[in-house]
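Please look over the model first.

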Amino acid sequence: MPTRHSDDRLFLTSGPSKQLGQSFQLSGFPDLSVSRGLVRDRMANLQAMSLHHERLFNLAHYLSPSLLYLAGMGLRRRAARGVDGVTPRKYLRHLASNITQLIQEVKHKSYQPKPSRQVLIDKDDGSPRPISLPTIRDKHLQAAVMKILEAIYEPHLYTHSYGFRPHRSGRMAMMVLMDWLSIHNGGWILEIDLNKFFDTIPHDQLLQVLSQKIGDKVILHLILSWLKAGVLVEGQVITSDIGAPQGGVISPQCANVYLDTALDQWFVRELQPKLKGESLLVRYADDFVLAFNDQDDMESVEKAIKPRLEQYGLTVNAKKSRTVDLREPEGDNPNLLDTHIDFLGFTYYWKPCPYSGWKLAVKTSDKSIKRFTNRLAALVNDNGDIASDELEVAIQSMVTGHKGYFDVEGNEDMLDHIEQIAFSYLDLHHGSSNVEINEATTLGCI
(Lines give C-alpha, C1' and ligand atoms only; values in the text may rest on other atoms or scores of the structure.)
Protein backbone atom coordinates (compact mmCIF):
# COMPACT_ATOMS: atom_id res chain seq x y z
CA MET A 1 0.00 0.00 0.00
CA PRO A 2 1.51 3.37 -1.00
CA THR A 3 2.31 5.67 1.88
CA ARG A 4 0.60 8.99 2.20
CA HIS A 5 2.69 12.10 2.74
CA SER A 6 1.49 15.37 4.16
CA ASP A 7 2.78 18.91 4.35
CA ASP A 8 -0.35 20.31 6.01
CA ARG A 9 1.75 21.65 8.88
CA LEU A 10 3.20 24.36 6.64
CA PHE A 11 2.28 27.79 7.89
CA LEU A 12 1.38 30.42 5.31
CA THR A 13 1.80 34.06 6.14
CA SER A 14 -0.23 36.76 4.48
CA GLY A 15 2.70 39.12 4.16
CA PRO A 16 4.75 39.74 1.01
CA SER A 17 7.32 37.29 -0.26
CA LYS A 18 10.98 38.14 0.28
CA GLN A 19 13.01 38.31 -2.89
CA LEU A 20 16.49 36.80 -2.63
CA GLY A 21 18.46 37.27 -5.84
CA GLN A 22 16.49 35.63 -8.63
CA SER A 23 14.24 33.57 -6.34
CA PHE A 24 11.58 34.17 -3.72
CA GLN A 25 11.64 32.98 -0.13
CA LEU A 26 8.25 32.48 1.51
CA SER A 27 7.93 33.00 5.23
CA GLY A 28 6.95 29.76 6.94
CA PHE A 29 7.94 27.57 3.98
CA PRO A 30 10.77 25.05 3.97
CA ASP A 31 13.74 25.64 1.72
CA LEU A 32 12.79 25.37 -1.95
CA SER A 33 14.72 22.11 -2.34
CA VAL A 34 12.84 20.68 0.66
CA SER A 35 9.52 21.69 -0.92
CA ARG A 36 10.60 19.99 -4.14
CA GLY A 37 11.30 16.84 -2.18
CA LEU A 38 7.89 16.93 -0.51
CA VAL A 39 6.12 17.40 -3.83
CA ARG A 40 8.23 14.75 -5.54
CA ASP A 41 7.34 12.20 -2.85
CA ARG A 42 3.64 13.04 -2.99
CA MET A 43 3.54 12.85 -6.80
CA ALA A 44 5.36 9.50 -6.68
CA ASN A 45 2.75 8.32 -4.20
CA LEU A 46 -0.02 9.50 -6.51
CA GLN A 47 1.59 7.81 -9.50
CA ALA A 48 1.78 4.54 -7.58
CA MET A 49 -1.90 4.84 -6.71
CA SER A 50 -2.69 5.47 -10.37
CA LEU A 51 -0.96 2.24 -11.33
CA HIS A 52 -2.81 0.20 -8.68
CA HIS A 53 -6.31 1.67 -8.92
CA GLU A 54 -8.62 1.87 -11.89
CA ARG A 55 -10.15 5.17 -10.69
CA LEU A 56 -8.87 7.76 -8.21
CA PHE A 57 -10.85 9.76 -5.67
CA ASN A 58 -9.98 12.29 -2.95
CA LEU A 59 -7.35 14.08 -5.01
CA ALA A 60 -7.97 17.66 -3.87
CA HIS A 61 -5.67 17.29 -0.86
CA TYR A 62 -2.75 16.99 -3.29
CA LEU A 63 -3.26 20.71 -3.94
CA SER A 64 -0.95 21.35 -1.02
CA PRO A 65 0.88 24.55 -0.07
CA SER A 66 4.17 23.05 -1.27
CA LEU A 67 2.74 22.12 -4.66
CA LEU A 68 1.32 25.61 -5.11
CA TYR A 69 4.64 27.05 -3.94
CA LEU A 70 6.53 25.17 -6.66
CA ALA A 71 3.85 25.94 -9.25
CA GLY A 72 4.16 29.63 -8.41
CA MET A 73 7.94 29.54 -8.63
CA GLY A 74 7.58 27.93 -12.06
CA LEU A 75 5.58 30.81 -13.51
CA ARG A 76 7.42 32.60 -16.29
CA ARG A 77 8.41 36.05 -15.06
CA ARG A 78 7.72 37.54 -18.50
CA ALA A 79 4.42 35.76 -19.10
CA ALA A 80 1.69 37.91 -20.62
CA ARG A 81 -0.86 39.33 -18.20
CA GLY A 82 -4.53 38.39 -18.22
CA VAL A 83 -7.67 40.51 -18.16
CA ASP A 84 -6.94 41.79 -14.64
CA GLY A 85 -3.65 43.33 -15.76
CA VAL A 86 -1.64 41.65 -12.98
CA THR A 87 1.91 40.76 -14.07
CA PRO A 88 3.80 37.69 -12.80
CA ARG A 89 6.21 39.82 -10.77
CA LYS A 90 3.38 41.66 -9.04
CA TYR A 91 1.58 38.39 -8.31
CA LEU A 92 4.71 36.72 -6.95
CA ARG A 93 5.39 39.56 -4.54
CA HIS A 94 2.40 38.27 -2.56
CA LEU A 95 2.74 34.58 -3.41
CA ALA A 96 2.18 33.33 0.15
CA SER A 97 -1.12 35.14 0.59
CA ASN A 98 -2.17 34.17 -2.93
CA ILE A 99 -1.53 30.50 -2.11
CA THR A 100 -3.56 30.81 1.08
CA GLN A 101 -6.46 32.36 -0.77
CA LEU A 102 -6.43 29.79 -3.57
CA ILE A 103 -6.45 26.89 -1.10
CA GLN A 104 -9.35 28.41 0.83
CA GLU A 105 -11.37 29.09 -2.33
CA VAL A 106 -10.85 25.55 -3.62
CA LYS A 107 -11.72 24.12 -0.21
CA HIS A 108 -14.93 26.15 0.06
CA LYS A 109 -15.80 25.73 -3.65
CA SER A 110 -15.80 29.50 -4.21
CA TYR A 111 -12.97 29.64 -6.74
CA GLN A 112 -14.08 31.15 -10.04
CA PRO A 113 -11.60 31.80 -12.88
CA LYS A 114 -11.73 34.99 -14.89
CA PRO A 115 -12.19 34.94 -18.66
CA SER A 116 -9.02 34.82 -20.74
CA ARG A 117 -7.64 37.73 -22.70
CA GLN A 118 -7.55 36.95 -26.41
CA VAL A 119 -4.65 37.87 -28.67
CA LEU A 120 -4.15 36.94 -32.31
CA ILE A 121 -0.86 35.65 -33.71
CA ASP A 122 -0.08 34.86 -37.32
CA LYS A 123 0.09 31.23 -38.40
CA ASP A 124 2.54 30.10 -41.07
CA ASP A 125 -0.07 30.63 -43.78
CA GLY A 126 -0.74 34.19 -42.58
CA SER A 127 -4.12 33.46 -41.04
CA PRO A 128 -4.73 34.55 -37.43
CA ARG A 129 -4.59 32.07 -34.56
CA PRO A 130 -6.45 33.08 -31.40
CA ILE A 131 -4.48 32.59 -28.20
CA SER A 132 -6.29 32.80 -24.85
CA LEU A 133 -4.27 34.23 -21.96
CA PRO A 134 -5.58 33.38 -18.48
CA THR A 135 -4.78 35.59 -15.52
CA ILE A 136 -1.54 34.78 -13.69
CA ARG A 137 -3.62 33.61 -10.73
CA ASP A 138 -5.53 31.14 -12.89
CA LYS A 139 -2.29 29.99 -14.57
CA HIS A 140 -0.88 29.35 -11.10
CA LEU A 141 -3.69 27.01 -10.06
CA GLN A 142 -3.77 25.37 -13.49
CA ALA A 143 -0.05 24.60 -13.19
CA ALA A 144 -0.62 22.88 -9.85
CA VAL A 145 -3.51 20.77 -11.20
CA MET A 146 -1.42 19.96 -14.27
CA LYS A 147 1.19 18.35 -12.00
CA ILE A 148 -1.53 16.18 -10.47
CA LEU A 149 -2.80 15.11 -13.90
CA GLU A 150 0.75 14.42 -15.01
CA ALA A 151 1.35 12.08 -12.08
CA ILE A 152 -1.93 10.26 -12.73
CA TYR A 153 -1.69 9.82 -16.48
CA GLU A 154 2.02 9.65 -17.27
CA PRO A 155 2.32 5.89 -16.55
CA HIS A 156 -0.58 5.14 -18.90
CA LEU A 157 0.06 7.33 -21.95
CA TYR A 158 1.15 5.82 -25.25
CA THR A 159 4.88 5.09 -25.56
CA HIS A 160 5.38 7.12 -28.74
CA SER A 161 3.50 10.24 -27.65
CA TYR A 162 6.11 12.95 -27.10
CA GLY A 163 4.37 16.30 -26.77
CA PHE A 164 4.10 18.17 -23.43
CA ARG A 165 5.41 15.26 -21.39
CA PRO A 166 8.34 15.20 -18.96
CA HIS A 167 11.70 14.10 -20.38
CA ARG A 168 10.32 13.93 -23.92
CA SER A 169 10.76 16.20 -26.93
CA GLY A 170 10.02 16.76 -30.58
CA ARG A 171 13.54 15.61 -31.41
CA MET A 172 12.82 12.25 -29.80
CA ALA A 173 9.66 11.87 -31.89
CA MET A 174 11.59 12.78 -35.03
CA MET A 175 14.29 10.20 -34.29
CA VAL A 176 11.78 7.43 -33.51
CA LEU A 177 10.20 7.87 -36.94
CA MET A 178 13.62 8.09 -38.59
CA ASP A 179 14.80 4.89 -36.89
CA TRP A 180 11.65 2.99 -37.86
CA LEU A 181 11.88 4.09 -41.50
CA SER A 182 15.59 3.24 -41.64
CA ILE A 183 15.03 -0.27 -40.25
CA HIS A 184 12.15 -0.95 -42.65
CA ASN A 185 13.74 0.71 -45.71
CA GLY A 186 11.08 3.39 -45.64
CA GLY A 187 7.39 2.67 -45.78
CA TRP A 188 3.90 3.83 -46.61
CA ILE A 189 3.09 7.02 -44.73
CA LEU A 190 -0.32 8.27 -43.63
CA GLU A 191 -0.24 11.97 -42.77
CA ILE A 192 -3.31 13.16 -40.87
CA ASP A 193 -4.00 16.82 -40.12
CA LEU A 194 -6.67 17.66 -37.55
CA ASN A 195 -8.69 20.76 -38.33
CA LYS A 196 -8.44 23.27 -35.43
CA PHE A 197 -7.88 20.49 -32.90
CA PHE A 198 -7.62 22.56 -29.71
CA ASP A 199 -10.57 24.72 -30.75
CA THR A 200 -12.94 21.79 -31.35
CA ILE A 201 -12.49 19.44 -28.38
CA PRO A 202 -16.01 18.92 -26.96
CA HIS A 203 -16.09 19.76 -23.25
CA ASP A 204 -18.55 17.03 -22.34
CA GLN A 205 -16.56 14.29 -24.08
CA LEU A 206 -13.29 15.55 -22.61
CA LEU A 207 -14.77 15.36 -19.11
CA GLN A 208 -16.04 11.85 -19.85
CA VAL A 209 -12.54 10.77 -20.85
CA LEU A 210 -10.97 12.36 -17.77
CA SER A 211 -13.66 10.82 -15.53
CA GLN A 212 -12.63 7.33 -16.59
CA LYS A 213 -9.57 7.73 -14.35
CA ILE A 214 -10.46 10.67 -12.10
CA GLY A 215 -13.36 10.39 -9.69
CA ASP A 216 -12.61 13.54 -7.69
CA LYS A 217 -15.35 16.10 -8.34
CA VAL A 218 -13.23 19.01 -7.13
CA ILE A 219 -10.51 18.43 -9.74
CA LEU A 220 -13.04 17.80 -12.51
CA HIS A 221 -14.96 20.94 -11.56
CA LEU A 222 -11.78 23.03 -11.70
CA ILE A 223 -10.98 21.76 -15.18
CA LEU A 224 -14.52 22.39 -16.39
CA SER A 225 -14.48 25.91 -14.91
CA TRP A 226 -11.37 26.76 -16.93
CA LEU A 227 -12.93 25.39 -20.10
CA LYS A 228 -16.12 27.39 -19.52
CA ALA A 229 -14.46 30.65 -18.40
CA GLY A 230 -14.60 32.05 -21.92
CA VAL A 231 -12.54 34.76 -23.57
CA LEU A 232 -12.89 38.52 -23.47
CA VAL A 233 -13.24 39.89 -27.01
CA GLU A 234 -13.91 43.60 -27.51
CA GLY A 235 -15.39 43.91 -24.04
CA GLN A 236 -17.68 40.88 -24.35
CA VAL A 237 -17.14 37.48 -22.73
CA ILE A 238 -17.62 34.71 -25.28
CA THR A 239 -18.17 31.16 -24.01
CA SER A 240 -18.48 27.86 -25.84
CA ASP A 241 -19.12 24.16 -25.29
CA ILE A 242 -16.06 23.20 -27.32
CA GLY A 243 -12.37 24.04 -27.26
CA ALA A 244 -9.41 23.88 -24.88
CA PRO A 245 -7.96 27.41 -24.84
CA GLN A 246 -4.57 27.64 -26.55
CA GLY A 247 -2.55 29.55 -23.98
CA GLY A 248 -4.06 27.77 -21.00
CA VAL A 249 -1.52 25.86 -18.90
CA ILE A 250 -3.88 22.92 -18.44
CA SER A 251 -4.90 22.58 -22.11
CA PRO A 252 -1.94 20.56 -23.47
CA GLN A 253 -2.27 17.97 -20.69
CA CYS A 254 -6.01 17.58 -21.25
CA ALA A 255 -5.52 17.40 -25.01
CA ASN A 256 -2.87 14.69 -24.62
CA VAL A 257 -5.17 12.55 -22.50
CA TYR A 258 -8.02 13.09 -24.96
CA LEU A 259 -5.99 12.03 -28.02
CA ASP A 260 -4.50 9.12 -26.10
CA THR A 261 -8.04 7.73 -25.79
CA ALA A 262 -9.40 8.86 -29.15
CA LEU A 263 -6.38 7.80 -31.20
CA ASP A 264 -3.34 6.21 -29.52
CA GLN A 265 -4.87 3.41 -27.45
CA TRP A 266 -7.46 2.67 -30.13
CA PHE A 267 -4.73 2.22 -32.74
CA VAL A 268 -2.52 0.06 -30.51
CA ARG A 269 -5.24 -2.13 -29.00
CA GLU A 270 -7.81 -2.43 -31.79
CA LEU A 271 -6.08 -1.82 -35.12
CA GLN A 272 -2.47 -2.97 -34.84
CA PRO A 273 -3.34 -6.58 -33.86
CA LYS A 274 -5.35 -6.89 -37.09
CA LEU A 275 -2.64 -5.58 -39.42
CA LYS A 276 -0.53 -7.91 -41.57
CA GLY A 277 2.75 -6.02 -41.35
CA GLU A 278 4.70 -3.67 -39.11
CA SER A 279 3.37 -0.23 -38.25
CA LEU A 280 4.10 2.82 -36.13
CA LEU A 281 2.10 5.76 -34.78
CA VAL A 282 4.26 8.63 -33.53
CA ARG A 283 2.64 11.76 -32.11
CA TYR A 284 3.65 15.13 -30.74
CA ALA A 285 0.52 16.85 -29.35
CA ASP A 286 -1.84 16.98 -32.36
CA ASP A 287 0.92 16.43 -34.96
CA PHE A 288 1.17 12.76 -35.86
CA VAL A 289 2.00 10.37 -38.67
CA LEU A 290 1.48 6.66 -39.16
CA ALA A 291 3.99 4.45 -40.98
CA PHE A 292 3.40 0.99 -42.49
CA ASN A 293 5.41 -1.53 -44.46
CA ASP A 294 2.24 -2.86 -46.07
CA GLN A 295 0.08 -0.74 -48.37
CA ASP A 296 -3.13 -2.63 -47.57
CA ASP A 297 -2.59 -1.93 -43.87
CA MET A 298 -2.23 1.77 -44.56
CA GLU A 299 -5.39 1.86 -46.66
CA SER A 300 -7.45 0.03 -44.02
CA VAL A 301 -6.30 2.43 -41.29
CA GLU A 302 -6.97 5.40 -43.55
CA LYS A 303 -10.59 4.27 -43.93
CA ALA A 304 -11.06 3.70 -40.21
CA ILE A 305 -9.36 6.74 -38.71
CA LYS A 306 -11.69 9.48 -39.95
CA PRO A 307 -14.95 8.06 -38.49
CA ARG A 308 -13.10 7.19 -35.27
CA LEU A 309 -11.92 10.77 -34.75
CA GLU A 310 -15.35 12.12 -35.69
CA GLN A 311 -16.81 10.11 -32.78
CA TYR A 312 -14.75 12.38 -30.54
CA GLY A 313 -15.81 15.59 -32.25
CA LEU A 314 -12.59 15.93 -34.25
CA THR A 315 -12.38 16.65 -37.97
CA VAL A 316 -9.71 15.50 -40.42
CA ASN A 317 -8.49 18.24 -42.74
CA ALA A 318 -8.68 16.45 -46.09
CA LYS A 319 -6.65 19.12 -47.91
CA LYS A 320 -3.66 18.67 -45.61
CA SER A 321 -3.93 14.89 -45.10
CA ARG A 322 -2.37 12.49 -47.59
CA THR A 323 -0.67 9.15 -48.19
CA VAL A 324 2.94 8.97 -49.33
CA ASP A 325 4.98 6.10 -50.75
CA LEU A 326 8.26 6.67 -48.91
CA ARG A 327 9.75 3.26 -49.58
CA GLU A 328 13.35 3.07 -50.73
CA PRO A 329 13.41 3.95 -54.44
CA GLU A 330 14.47 1.47 -57.09
CA GLY A 331 16.82 2.62 -59.82
CA ASP A 332 17.82 6.24 -60.35
CA ASN A 333 14.52 7.80 -61.43
CA PRO A 334 14.98 11.58 -60.82
CA ASN A 335 11.23 12.01 -60.24
CA LEU A 336 11.63 10.11 -56.97
CA LEU A 337 13.62 13.00 -55.54
CA ASP A 338 10.38 14.92 -54.95
CA THR A 339 8.96 12.19 -52.69
CA HIS A 340 9.12 13.34 -49.08
CA ILE A 341 7.16 14.01 -45.90
CA ASP A 342 7.41 16.84 -43.36
CA PHE A 343 7.13 16.14 -39.64
CA LEU A 344 7.96 18.39 -36.69
CA GLY A 345 10.01 20.81 -38.76
CA PHE A 346 12.02 18.16 -40.64
CA THR A 347 11.74 16.86 -44.19
CA TYR A 348 12.28 13.10 -44.60
CA TYR A 349 13.52 12.11 -48.05
CA TRP A 350 15.68 9.64 -49.95
CA LYS A 351 19.07 11.03 -50.93
CA PRO A 352 20.99 9.47 -53.85
CA CYS A 353 24.39 8.17 -52.82
CA PRO A 354 27.18 7.36 -55.33
CA TYR A 355 28.15 4.06 -53.74
CA SER A 356 25.12 2.72 -51.87
CA GLY A 357 22.31 3.88 -54.15
CA TRP A 358 19.89 5.61 -51.77
CA LYS A 359 20.04 6.81 -48.18
CA LEU A 360 17.16 7.97 -46.00
CA ALA A 361 17.91 11.46 -44.71
CA VAL A 362 16.34 14.41 -42.92
CA LYS A 363 16.83 18.13 -43.35
CA THR A 364 15.25 21.32 -42.10
CA SER A 365 11.92 21.77 -43.90
CA ASP A 366 11.29 24.77 -46.13
CA LYS A 367 8.52 25.87 -43.79
CA SER A 368 10.94 25.87 -40.85
CA ILE A 369 13.48 27.92 -42.81
CA LYS A 370 10.81 30.47 -43.70
CA ARG A 371 9.56 30.60 -40.09
CA PHE A 372 13.11 31.28 -38.87
CA THR A 373 13.79 34.00 -41.41
CA ASN A 374 10.46 35.68 -40.70
CA ARG A 375 11.32 35.80 -36.99
CA LEU A 376 14.74 37.15 -37.88
CA ALA A 377 13.22 39.84 -40.08
CA ALA A 378 10.83 40.84 -37.30
CA LEU A 379 13.71 41.06 -34.82
CA VAL A 380 15.74 43.34 -37.09
CA ASN A 381 12.85 45.51 -38.27
CA ASP A 382 11.51 45.97 -34.75
CA ASN A 383 14.92 46.98 -33.41
CA GLY A 384 16.22 49.28 -36.12
CA ASP A 385 17.97 51.56 -33.63
CA ILE A 386 19.57 48.83 -31.52
CA ALA A 387 23.36 48.74 -31.28
CA SER A 388 24.94 46.30 -33.72
CA ASP A 389 26.71 44.31 -31.01
CA GLU A 390 23.43 43.86 -29.11
CA LEU A 391 21.65 42.76 -32.28
CA GLU A 392 24.46 40.32 -33.01
CA VAL A 393 24.01 38.73 -29.59
CA ALA A 394 20.23 38.43 -30.13
CA ILE A 395 20.65 36.91 -33.60
CA GLN A 396 23.34 34.51 -32.39
CA SER A 397 20.97 33.37 -29.66
CA MET A 398 18.32 32.60 -32.30
CA VAL A 399 20.83 30.69 -34.43
CA THR A 400 22.03 28.69 -31.41
CA GLY A 401 18.45 27.77 -30.49
CA HIS A 402 17.71 26.74 -34.07
CA LYS A 403 20.82 24.58 -34.28
CA GLY A 404 20.06 23.01 -30.92
CA TYR A 405 16.94 21.43 -32.42
CA PHE A 406 17.95 20.90 -36.06
CA ASP A 407 21.56 19.77 -35.56
CA VAL A 408 21.26 16.18 -36.81
CA GLU A 409 23.47 14.09 -39.05
CA GLY A 410 23.10 15.01 -42.70
CA ASN A 411 21.57 18.44 -42.05
CA GLU A 412 24.83 20.41 -42.09
CA ASP A 413 24.08 22.23 -45.36
CA MET A 414 20.78 23.61 -44.05
CA LEU A 415 22.40 24.75 -40.81
CA ASP A 416 25.10 26.54 -42.82
CA HIS A 417 22.32 28.15 -44.85
CA ILE A 418 20.71 29.46 -41.66
CA GLU A 419 24.00 30.99 -40.53
CA GLN A 420 24.46 32.65 -43.93
CA ILE A 421 21.00 34.19 -43.67
CA ALA A 422 21.76 35.44 -40.16
CA PHE A 423 25.07 37.02 -41.22
CA SER A 424 23.33 38.64 -44.20
CA TYR A 425 20.83 40.27 -41.84
CA LEU A 426 23.69 41.60 -39.74
CA ASP A 427 25.39 42.99 -42.85
CA LEU A 428 22.18 44.76 -43.85
CA HIS A 429 21.83 46.22 -40.38
CA HIS A 430 25.43 47.41 -40.40
CA GLY A 431 24.79 49.11 -43.74
CA SER A 432 21.59 50.89 -42.69
CA SER A 433 19.78 50.80 -39.39
CA ASN A 434 16.58 51.83 -41.16
CA VAL A 435 16.60 49.11 -43.81
CA GLU A 436 13.31 47.26 -44.19
CA ILE A 437 13.82 43.51 -44.44
CA ASN A 438 11.10 41.46 -46.08
CA GLU A 439 10.42 38.09 -47.66
CA ALA A 440 13.00 38.73 -50.37
CA THR A 441 15.59 38.08 -47.71
CA THR A 442 14.05 34.72 -46.88
CA LEU A 443 14.46 33.73 -50.52
CA GLY A 444 18.13 34.65 -50.53
CA CYS A 445 17.65 37.80 -52.65
CA ILE A 446 20.17 39.90 -50.73
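## Basis of the model

This is a predicted model, in which local features need pLDDT of at least 70 and side-chain atom pairs count only at pLDDT 80 or more, while totals for chains, interfaces and linings use all residues. Residues are numbered from 1 along each chain as its sequence is written, and side-chain values use heavy atoms, with hydrogens and water left out.

## Salt bridges

Side chains of opposite charge can pair when their charged atoms come close. A salt bridge here is a side-chain nitrogen of Lys or Arg within 4 Å of a carboxyl oxygen of Asp or Glu. The whole structure holds 11 salt bridges. Helices (H or I, at least four residues) and strands (E, at least two) are DSSP runs, numbered from the N terminus. Buried means under 20% relative accessible area, exposed over 50%, and partly exposed in between (1.4 Å probe, protein chains only).

Arg 283 is buried, because its relative accessible area is 1%. Asp 264 is buried too, at 0%.

## Pairs on helices

Lys 403 pairs with Glu 419, and their closest N and O atoms are 3.1 Å apart. Lys 403 is partly exposed at 29% relative accessible area. Glu 419 is partly exposed at 24%.

Lys 147 and Glu 150 make another salt bridge, with 3.8 Å between the closest N and O atoms. Both lie in helix 5 (residues 136–153); they are three residues apart, so about one helical turn separates them. Lys 147 is partly exposed, with 37% relative accessible area. Glu 150 counts as buried, at 17%. Elsewhere, Lys 276, Asp 294 and Asp 296 are linked in a network of salt bridges.

## Surface patches

Patches are made of residues with over 30% relative accessible area and no salt bridge; like charges are joined within 9 Å, and nonpolar side chains (Val, Leu, Ile, Met, Phe, Trp, Tyr) within 5 Å. Accessible areas come from the Shrake-Rupley method with a 1.4 Å probe, and for residues only the protein chains shown count as cover. Lys and Arg count as positive, Asp and Glu as negative; His and the chain ends are not counted. A charge is placed at NZ of Lys, CZ of Arg, CG of Asp or CD of Glu.

Which residues gather in a patch of positive charge on the surface? They are Lys 123, Arg 129, Lys 196, Lys 320 and Lys 367. Lys 320 is in the loop between helix 11 (295–311) and strand 10 (322–325). Lys 320 is exposed, at 51%. Val 83, Leu 232 and Val 237 make a nonpolar surface patch of about 190 Å². Val 237 is in strand 7 (residues 236–238) and is partly exposed, at 44%.

## Two buried residues

Glu 191 lies in strand 5 (residues 188–192) and is buried at 10%. Its side chain joins that of Arg 322 in a polar contact of 2.5 Å. Such a contact is a pair of N or O atoms within 3.5 Å; within protein, one must be able to donate a hydrogen and the other to accept it, and residues adjacent in sequence count only if both atoms are side-chain atoms.

Asn 45, in helix 1 (residues 32–52), is buried at 6% relative accessibility. The C-alpha atoms of Asn 45 and Ala 151 are separated by 8.8 Å, although the two residues are 106 residues apart along the chain.
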